[in-house]
Amino acid sequence: MKISIHYRIALFCIFFGIGFIGCKTKESEDEPKKIAIVVSTLNNPWFVFLAQKAEAKAKQLGYESKIFDSQNNTAQETDHFDNAIASGYDAILFNPTDADGSIVNVKNAVAAGVPVFCMDREVNANGAATSQILSDSYSGCVAIGKYFVETLNKKGKYVEILGMVGDNNTWNRSKGFHSVVDFYPGLKMVAQQSADFDRNKAMEVMESILQAHPDIDGVFCGNDAMAMGAYQALVASGKADRVKVFGFDGAEDVVKSIRDGKILATGMQFPEVMAQTAATFADAYFKGKRDFPGKMPVAVELVKKDNVENYAAYGEKE
Amino acid sequence: MPKPIRYLLYVAVIALLAYNSVYFKKLDEVKAGTGAFDAAGYAKDFWAKKLMPGLPKAVELGALTAQLKTEKDKAFEQHSHALGIGNIGYFLVKGKGTVTDVSENEVSVALSVGGEGAGNVRIATEYIFGNAVRDASGAIDINAFTNSMDFNNVSAEINKLIRKKVIPPFKSNVQKGDRVAFHGAIELNRGHLQLNSIEIIPVSLQIEKP
């Protein structure tokens, strides 16, 4: 049988190509899977802790991982997602910058076959992410609200310092708090302002509020960084002893401040639990599991002077 | 068919198709959402169809505290419900006891079922907040809700029902020394169990005058 030179070349290319693909596939199977950890900001120690715990768990499970800092910027987050998808990452553990603005990134990744597991913050689209592991912020702030009412004895003037307005946690915390406090007409909110979860901004916001309302009795802050900023402003104005400050997160300096009697209470979140659950879910996904809960709430615990000894920064005492 | 009638029919069909293809709605109606979740209605339904019929399954509080002291993990596994991960568990409980104190925010009760000294508990009459009642029954799934605020609003509405239906007749009549029977929900922390300050969010209360 005589085969023309063109057919010989074509056959050679096909066999060579199949062999090359086979080698490549073998190589891909041998390589550890890669997990991208995309975090809203590394400018806040709480998120650094979250990212590091996710990275540690991914490594423990045998995966390569890399942390991407979105710097609270949705455009930067989109770049990270594009890079992660193009670079062949197999899963994304995700802490979104914006509940609405981040939806498109999640959808793009999932459409490209990359599962996304949200940590701590949610996106406003049911079923977009593979699963969302979230602090039960609302319930945590119901507990803080109740303690707030008890300690202020149902009356007084107070200030609320909100986190980022585009983040669901900001509103879940605020609504949980108000679901209790608004029942008491003797408690009057004289100012409500955002400080973007940032300590320095909270200090500035508190300083300016104190100019107009020097007679406040309490401050509720949407996170601990802002609680520390507000407390600093109160110290500077000589009012720290009479104004009760409440935070949310369970950050190291606030746990210490509760012990020292400077801050009244916080809601302890468990970032390590969330990070480890997200990494474990990614591991299960790689092994074929597909039926993940859409939302997995993680309980928040009220930390105050009489139980602070049970807690350390970002969780329980070992 | 004459041409004018045929054209008229064509125009009529095109007009009908065009009319049914395009809808106009007010932007604020769209933003508000046409199918807004009725948390109050859901809570009433839950109260009548799931919570009340499920009360006979409530665990005896005296027996529960005794079990928690000896086999905590088993007690949580058998009797508590929780929606996600963490130390917090909710229990649907029942019990009887004698009122030892009536204060502005709560009624203190010495439990009688479970033996003498079965423990003292507090029935909340002021701070009816949180998810204890919603979650203790284990009958509601968070993933059945499109967003977490709807889910949280169910709790708020259940608590409103308690404030309206359960608390007023009890608070206006209860006195120190009364015998009371209760059904309710409690929240316990598995990691840091505090059995000496159990607070009951009541769903059913009866007073037996001595």
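Q: In which helix of chain B is Leu9(B) found?
A: This is a predicted model, where local features need pLDDT of at least 70, side-chain atom pairs count only at pLDDT 80 or more, and totals for chains, interfaces and linings use all residues. Residues are numbered from 1 along each chain as its sequence is written, chains are lettered from A and ligands numbered from 1 in the order written, and side-chain values use heavy atoms, with hydrogens and water left out. Helices are DSSP runs of H or I with at least four residues, strands are E runs of at least two, and both are numbered from the N terminus. On that basis, Leu9(B) is found in helix α1 (residues 3-21) of chain B.

Q: Is Leu9(B) buried, partly exposed or exposed?
A: Buried means under 20% relative accessible area, exposed means over 50%, and partly exposed is in between (1.4 Å probe, protein chains only). Leu9(B) has a relative accessible area of 44%, so the label is partly exposed.

Q: Which residues make the nonpolar surface patch of about 320 Å²?
A: Patch residues have over 30% relative accessible area and no salt bridge; nonpolar side chains (Val, Leu, Ile, Met, Phe, Trp, Tyr) are joined within 5 Å, like charges within 9 Å. Areas come from the Shrake-Rupley method with a 1.4 Å probe, and for residues only the protein chains shown count as cover. The patch is made by Met1(B), Ile5(B) and Leu9(B).

Q: Which helix gives the largest share of the core of 63 residues?
A: A nonpolar core is a set of buried Ala, Val, Leu, Ile, Met, Phe, Trp, Tyr and Cys residues joined through side-chain atoms within 4.5 Å. The largest one has 63 residues, and Ile35(A) and Phe117(A) are among those with the most contacts inside it. Its largest share, 9 residues, comes from helix α10 (residues 271-286) of chain A.

Q: How many salt bridges does the structure hold over all chains?
A: Side chains of opposite charge can pair when their charged atoms come close. Here a salt bridge is a side-chain nitrogen of Lys or Arg within 4 Å of a carboxyl oxygen of Asp or Glu. Over all chains, the total is 21.

Q: How far apart in sequence are the parts that Asp253(A) and Arg199(A) tie together?
A: Their side chains meet in a salt bridge at 3.1 Å, N to O. Asp253(A) sits in helix α9 (residues 252-259) of chain A and Arg199(A) in helix α7 (residues 199-212) of chain A, so the parts tied together are 54 residues apart.

Q: Is Lys304(A) buried or exposed?
A: Lys304(A) forms a salt bridge with Asp306(A), with the closest N and O atoms 3.2 Å apart. Asp306(A) counts as exposed at 64% relative accessibility. Lys304(A), with a relative accessible area of 19%, is buried.

Q: What is the angle between the planes of Phe281(A) and Phe292(A)?
A: Rings of Phe, Tyr and Trp (its six-membered ring) pair if their centres lie within 6.5 Å; planes under 30 degrees apart count as stacked, over 60 as edge-to-face and the rest as tilted. The search finds 25 such pairs over all chains. Phe281(A) and Phe292(A), both buried, form a tilted pair, 5.2 Å centre to centre, with the planes at 45 degrees.
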